[in-house]
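This report covers selected local features of one protein model.

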Amino acid sequence: MNMTMDLYIDYLICSTSYTTATGLSELTDNAISHDKVTRFLSSKDYTAADLWKQGKSLYRSVEDEDAVLIIDDTIEKKPYTDENDLISWHFDHTESRSVKGVNLVTALYETQKGSLPVGYELIKKTEKTINEKTGKVQRKSPITKQEIYRQLIQSAINNNVKFKYALNDTWFSSSENMRFIVNAQKHFVMPLKSNRKVALSEADKLSNNFVRIDSIDSGEDILVRLEDVDFPLRFTRQVFKDGDGSAGVLYLVSDDIELTNEQMNAIYKRRWKVETYHESLKNNASLEKSPTKKERTQANHLFASLCAYMRLESLSMKIKFNHFALKGKIYMIALKKAMLELQRIRSSNNFQFDHHHCAPA
């Protein structure tokens, strides 16, 4: 039996615990040694270009002119793994603190048919600086997340990925990113922080008369101006409920001034698909379940997890199960077989364990 990426991807999907070279070897009854698995994960550097090759045909089956491209990041937590250029401390704005792990930025393509990662970047903090306040050494990436944001969008355009709107959270709602998207002849719907200042007319902008965006009354046909953006933006509010049941407000803007408030809200709600994507990566594609120690194998495991997500999405499109239901179905089949094996062992008067399975003596 040959060690292949296909085999490793299936292992990540089927696994409910840590995914190790030894575990995969045992799963194949040692037809593949754990050394072969380790060598495979260390053989080359898999990149976003390889991901595009893996998923291109699936992408073409779901492509849509009205699709959206969602840029977002997540942190694969690795609190007990040694620090390196890939595993470092990153600020998690969802927790308002720094956490140790791998910071993954994804371009997620979303249509009514399915959602697929069409590009990704790992934050690698290869530079070291001294914190002036603490005197401690800090790691730093030579490229910012804002630059990565623009690179992912440009890469999607270069690959002829069809989409109409770019979506993101407030972290990426910079004036430079807005200008970049419009110059690329695409549209965006972005949220602004409540203290972001805007002008309510071109005259107000010229006279430097700006107000906080959370002071604007909600209504139809409201246009606002940002200081460093030379085109007007459609404005609306989106009210939503947080996980604790409390109400939240998003202040949305778009360069597509023909949109209605209802259309803007509907488009931006599609961004929440990226949260499901992150959950599925971690729970169904074994993103955080690899104890690999070296930077290359860590990065390649993450690449395989992205491929596992795409395989789950392909299967979900065929059988109309979501990822969690599909994984639950696989687990239930395995659990039933385990139950039958346990009952067989209990009914046997004389049995022993070998390295691979339970069998009567």
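## Rings, a helix and cysteines

Both Tyr-149 and Phe-172 are buried, where buried means under 20% relative accessible area, exposed over 50% and partly exposed in between (1.4 Å probe, protein chains only). The model is predicted, so local features need pLDDT of at least 70 and side-chain atom pairs count only at pLDDT 80 or more, while totals for chains, interfaces and linings use all residues. Residues are numbered from 1 along each chain as its sequence is written, and side-chain values use heavy atoms, with hydrogens and water left out.

Rings of Phe, Tyr and Trp (its six-membered ring) pair if their centres lie within 6.5 Å; planes under 30 degrees apart count as stacked, over 60 as edge-to-face and the rest as tilted. By this rule there are six aromatic pairs. One of them is stacked, because the rings of Tyr-149 and Phe-172 have centres 5.2 Å apart and planes at 25 degrees. Tyr-149 belongs to helix α5 (residues 145–158) and Phe-172 to the loop between β7 (165–167) and α6 (175–183), so this pair ties together parts that are 23 residues apart in sequence. Helices (H or I, at least four residues) and strands (E, at least two) are DSSP runs, numbered from the N terminus. Ring pairs also link Trp-52, Tyr-59 and Tyr-109 into a cluster.

A charge sits over a ring if NZ of Lys or CZ of Arg is within 6 Å of the ring centre and within 35 degrees of the ring normal.

| Charged residue | Ring | Distance to ring centre |
|---|---|---|
| Lys-186 | Phe-163 | 4.5 Å |
| Arg-271 | Trp-272 | 4.9 Å |

Helix α9 (residues 273–284) has 12 residues and should span 16 Å at 1.5 Å a residue, which agrees with the 15 Å between its end C-alpha atoms; the expected span is 1.5 Å times one less than the number of residues. Its buried residues include Val-274, Tyr-277 and Leu-281. Among the elements covering the buried residues of α9 are α1 (5–14), β3 (97–110) and α10 (295–319). Ser-286, which follows α9, has a positive phi near 60 degrees.

Lys-78 lies in the loop between β1 and β2 (88–92). At 8% relative accessibility, Lys-78 counts as buried. Beyond its neighbours within four places in sequence, Lys-78 is in contact (heavy atoms within 4.5 Å) with Ile-87, Lys-100, Gly-101, Glu-288 and Ser-290.

With a disulfide taken as a pair of cysteine sulfur atoms within 2.5 Å, the count is zero. The sulfur of Cys-307 is 15 Å from the closest cysteine sulfur, in Cys-14, too far for a bond. Cys-14 is partly exposed at 47% relative accessibility, whereas Cys-307 is buried at 4%.
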